[in-house]
Amino acid sequence: MSSTEASVDKYDAVRKDIIKAFPDEDYDDGSFAPVVLRLAWHASGTYDKHKKDGGSDGATMRFKTEASDGANAGLEVAREFLEPIKAKHPWITYADLWTLAGCVAVEHMGGPHIEWTGGRRDKQVESENPPINRLPDGALGKDHILDLFVGRMGFTVQETVALIGAHTVGRCHSNRSGFEGPWTETPTRFSNQFYKQLLNNEWVEKKWDGPRQFVDAEDGELMMLPTDMALLEEPFRQYVELYAKDKQKFFDDFSASFLKLVELGFSKRGKL
């Protein structure tokens, strides 16, 4: 067996342990997969293409500065969830573990396979952390999305719409982000339901003491953030309509876009 094959086998063992650990009837909707996907997203989404810093390389959310960023509230759940796996496989870096786990989460929930590869390093000092307040703010709108995804991270508009489609799983918690509720009726199944419901449901502003968000007019059980509602505007809407009609196209584009996300800031030194 070559050294490359041996390394792949090691990563496969990590994958299997992650999958075994996901189900938990006592947590949220019965699985840790959505919050682990969010961890991988947020650990990577700090990248700045102009300053060439941030991104998935470094696992800088291990340090207080980034961990305490309001956008990362609740992600200690995902980091703690992965600690027993890190202890069992101490050779893997946190940067690789978090991004691998996010990719495994997508596929475990019925989504596409993502061609993840390892080689990321963990930064050892907090002074190397990227600035905070780089992550998406769900309370904002179209200009924020374009500035952050296209202007700072370097995604196309279509890639941006595909990435936000990760809201097809998981839910918001008022004691974390301030927002409350799931986006879809199947928060542990990866699908194109986010786009279908965004287009087809009637959304009204929620009347409550929390931040501005929208709920479906029928029963108020599902929710959308202001940034989600902004996808109904151009230049985003055409891709929302495309993905609502064609699940396979969404899966193909999400797989490529999410791989690009988790490789932001990763120079691929020693990449298999």
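Select Asp246 first: at the start of helix H11, one of its side-chain oxygens comes to within 3.2 Å of the backbone nitrogen of Gln248. Helices here (H or I, at least four residues) and strands (E, at least two) are DSSP runs numbered from the N terminus. The model is a predicted one, in which local features need pLDDT of at least 70 and side-chain atom pairs count only at pLDDT 80 or more, whereas totals for chains, interfaces and linings use all residues. Residues are numbered from 1 along each chain as its sequence is written, and side-chain values use heavy atoms, with hydrogens and water left out.

**Helix H11**

Colour next the buried residues of H11, among them Phe250, Phe251, Phe254 and Phe258. Buried denotes under 20% relative accessible area, exposed over 50%, and partly exposed the range in between (1.4 Å probe, protein chains only).

**The largest pocket**

Move to Arg38, His42, His167, Trp183 and Leu225, which are the closest to the centre of the largest pocket among its 38 lining residues. The volume of this pocket is about 860 Å³. On a 1 Å grid over the protein atoms alone, a pocket is an open set of points with protein on both sides within 12 Å along at least five of seven lines, a cavity is a set where a 1.4 Å probe fits but cannot get out, and lining residues have an atom within 4 Å of a point. Grid points are joined across faces, edges and corners, and a volume is the space filled by probe spheres set on the points.

H2 gives the most to the pocket lining, with six residues. H2, H6, H7 and strand E1 (171-172) each supply at least two residues. By class, the lining has 19 nonpolar, 12 polar and seven charged residues. Ala, Val, Leu, Ile, Met, Phe, Trp, Tyr, Cys and Pro count as nonpolar, Asp, Glu, Lys and Arg as charged, and the others, Gly among them, as polar.

Centre the view on Arg38, a residue of helix H2. Arg38 is partly exposed, at 23% relative accessible area. Leaving aside neighbours within four places in sequence, Arg38 is in contact with Ala71, Asn72, Ala73, Gly74 and Leu75. A distance drawn between the C-alpha atoms of Arg38 and Gly102 reads 7.3 Å, although the two are 64 residues apart along the chain.

One cavity of 30 Å³ or more is counted, and the largest cavity holds about 30 Å³ of space. Select its lining: Thr46, Glu66, Asp69, Asn72, Pro130, Pro131, Ile132, Asn133, Arg134 and Leu135. Four of these lining residues are nonpolar, three polar and three charged.

Asn133 lies in the loop between H5 and H6. Its phi is near 70°, a positive value in a residue other than glycine, and Asn133 counts as exposed at 65% relative accessibility.

Asp28 lies in the loop between H1 (3-21) and H2. Asp28 has a positive phi of about 45° although it is not a glycine, and it is partly exposed at 38%.

Pro235 lies in the loop between H9 (226-229) and H10. The peptide bond from Glu234 to Pro235 is cis, with omega near 15°.

Finish at Asp219, in the loop between strands E4 (214-216) and E5 (223-224). The side chain of Asp219 reaches the backbone nitrogen of Glu221 at 3.0 Å, and Asp219 is partly exposed at 47% relative accessibility.

Methods
Polar contact = N/O pair within 3.5 Å; in protein donor to acceptor, adjacent residues only side chain to side chain. Contact = heavy atoms within 4.5 Å.
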